[in-house]
Structure formats: C-alpha cells, structure tokens
Amino acid sequence: MTTAPQPTFPIKLLLVEDTPSLQMLYHAVLKKAGYPAICASSGAEALAKFDEYRPGVVLLDLMLPDMDGMTIMRKMMAQQPGTRVIVITANGSIDKALDATRKGAHDFLVKPLGDMRLVGAVANALSEYRAQTGAAKALQHTPYDLPLADFMGESDAMRQLQNKISAVAKSMAPVFILGERGTGKKTIARMVHKQSGRAEKSIVSVNCAALESAALEEELFGTSSQPDTAGAIQRANGGTLLLENPQDMNPDLQARLVATLQTGSRIPTAGGAPVPVDMRLICCARAHPNTEMRAGRLSEDLYYRLFVIPLSVPPLRQRGDDITRLAQGFLSRIAKQEGKTFTSVSEDAARIMRKHQWHGNLRELINVLRHAVVLYPGPELVSAMLPEDMTNSPQTVDGAAQDNTEIVGLEAATQGLTMAEIEQRAVMAAIERHGGSIPQAARELDIAPSTIYRKRDVWTKPES
C-alpha cells in the first residue's frame, strides 16, 4: 500500500465545506491570496484531517450531511484549545452562528462570501494563532508584535490610561478592564502584569465563554481523574490570572470562585485539604459587569470581588493621530508576514482612517490593512486601496450631522410614516448604498449584522 506524500508546506488551514462547487471556489480564492488549505467534505473527514494535521485555523460550514457543526467545533477545540474556528452559515442560520461565537468560535461568515471578507477573516485568524503559539512574546507584545509603546500611542485618552496602569499595577486589588470589542483589553491586562511585582511569574488566561461548564471547571481547578494536573488557578500561583467573560460561568462555578477568592485557597477537584493560592486577578468582558449582574448572569458576590479597580480602554475612533501611528506599525509587520514591500501610509489614506468610525477597533484596522497588503504590491498604502465603505462614507469621527440639505430631504421623505416604516427605509437604503453588503450597512448604522438579517426576514415575509 502506497503512502500519500505529505505536503511540503506547514498546513495551518482546514476548509470544511460539503458543496463541491463552493469548496473549489473558497479553496481557489484562498490559494490565490497565499493561504493554501486542506479540504474536507463531511464532519467525519474534517475530524480525521484535524487529528492528522492539527491546523491552527478551521473554516467550518455549520450545515454538514453527517454531523452537526457545533459538535465538530467542540471536539476540535477540546483537542486543541487554541484553534481559531471560523464558522460559515447561510442567512437563515445567523442565530446559530452567533451562538457559535458565544461558545468560542473566532468569527463567522454569512453566505454568499465575498472574496475580501473570506481572505481577511482567514488572514487575521492565522496571524492571531501564530501570535498565540509564541507564548513568551505574548507577555510583551500585541498579537502583531507591535511594541507596547507604539500600541499605547500619544493620545490624551491613552496617556490617562497609562497613568492608571502605573498606579494600580503594584497593587494586589482585582482589576476589571472595560472596552469595546477589539480595543486591546488583553494587551492592557498583560501591561498591568508586566508592570507589577509578578512580572517574572506567569499570566494565565482563561476565556469562560469558550468552554462548557465541566471543561471550564477542569480548566480552572484541575481534574479529578488526574489530581496532579494543575488548573489555571494553580498555574497562576505567584502570578496573574486573566479571566475573560466571568459572567459565562454557571452559578455553582461562580460560587466556587468566590470561595477561592475569599479564603485565598482552592479546594482540589478530587477533594482533600485546601491548597493556598497567591494570584492577582484581572478580568475583562464584552459587557459591563453591572449590566451582567442586573441581568442575573453574574452573581452579586462575585461582582463585588471582581469589580474593584476599573480600567476603560478607549475605542480607536477616540485616539486621533494614534490611528495613523498604529496603521503604520501594523502595516510594516503585516507586509513582512506577507512578503510585500509596504513601508508607508499616504496622507489621503491617513485622513480617511482618522475620520472612520472603526466599530471593530484594532481588529477592523488590521483587517483593512491586511486586505490592502494581500491585494496590492506597495510600497505606499493609498486611499484607493481602502474598502469602498470607508472612502465613500459621509460619517466623521465624532458622528457629526450630515449636510443640512440631506436632513431637510430626510424630513420630507419620512413625513407621515411610522417609526417602523422609517427604520425599514433607512436600513434598506444603507444596504443599497453598500451594494447589498449587510455587514457594511450594519457598520454604517452602528448595529449588528444579525439585527439586519432578522429584520429583513420579517420585512420580506409574505402576509398570511
């Protein structure tokens, strides 16, 4: 029996799609962009190839003929927790994709897929996976190896944040980092750790939203089947525990964590005498903990133990000239990764970037830059290389009002309409302005794409 030759390049990407034509299309687009993928057409084949190649990124269609996509994702992440899974779904299954992101998926894509969106999502996931595998670097650098001084910038908002970090770093008090998605909350957490007296010890990160309850308990406290296996709390002894999305722990696990914080010791999962624990706790979450407590997702006891010193990370749109500095720094590093010659950002491109709203913050900025690096040779990033929704957008950085003639026209066009009718017209007009792109329309309207999908389904449903 002849053994098939192994690929000569390091495989980091697995594409799971059961429709042959779509699989061929996605594979061709990714290969052209420099991201060769291995392919699977079923759940069983996907798990077998995942076990064989251990890719860092998986593009996973949630609708497969033999197995539920969520089950496949759970098995892959249990086998290799750092895997970045990008789920693919159709318009009608948007809720399932959102549920997947809550359970640990890195991103989701909605069919039909645009080439730039597909390439950008994969490129970002691969870069974050590569950064994660360099754990030693992660304590000192951002995911794209940007020096912390460059990451912090010189804006007043970030200078104030730096002063607060310096003030609280030496303390033992728990820190809760607040900020929009993609602002760099985990990088700020590492800065607090680096400036503390615990910098020589480990900072251990656990995302409570990425694991089921049983797996999360084992990750935090260790396993009963292997008593010698240390959980994250024990591994952080002498150092720092970074807890992401603590509101996603179940009530029993929240109570167990409260007991650990209260007594300064943990009870082993297998039972036995309490084990002393000396750790600094830093938390970050996608929503304010007070909101989570009021909604009943975060217990009151845990809230008051976690929310002691808040640090707020400003959104990118409030960082002024820092945007240009960040773009320049990220551009050079992305170009190096992609083997391109980009060295500078033109003034016209910088001006557009400073005015853009950046609802995705640093992640969106990196996505935009990677699009340009992948599609153009360089050496200068100019405005023509930016996405159309950025170059054509009438918005300014502070969301200033549009031209007065537009407002007058809007008032005339909406007279006699209900609020629901006005909303529908505004949403559909935004979709039309962006050539049918719902994600771009959602960015302009500052709402989630899933909101537009749901509303559109209602608007287009025939009356009974």
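1. Let's start with E423 and its contacts. Setting aside neighbours within four places in sequence, E423 is in contact with K455 and W459 (contact means heavy atoms within 4.5 Å). E423 and K455 are 32 residues apart along the chain, and their C-alpha atoms are separated by 9.8 Å.

2. Where does E423 lie? E423 is part of helix α20, residues 419-433. Helices here are DSSP runs of H or I with at least four residues, strands are runs of E with at least two, and both are numbered from the N terminus. E423 counts as partly exposed because its relative accessibility is 33%; buried is under 20% relative accessible area, exposed is over 50%, and partly exposed is in between (1.4 Å probe, protein chains only).

3. A word on the source. This is a predicted model, where local features need pLDDT of at least 70, side-chain atom pairs count only at pLDDT 80 or more, and totals for chains, interfaces and linings use all residues. Residues are numbered from 1 along each chain as its sequence is written, and side-chain values use heavy atoms, with hydrogens and water left out.

4. Now look at strand β1, residues 13-16. L13 and L15 point one way, L14 and V16 the other way, and all are buried. In a regular strand, side chains alternate between the two faces of the sheet.

5. Next, the partners of β1. Strands pair if DSSP finds at least two bridges between them. β1 runs parallel to β3 (residues 57-61), joined by 4 bridges, and L15 has L59 as its bridge partner there. β1 also runs parallel to β2 (residues 38-40), with 3 bridges; V16 has A40 as its bridge partner.
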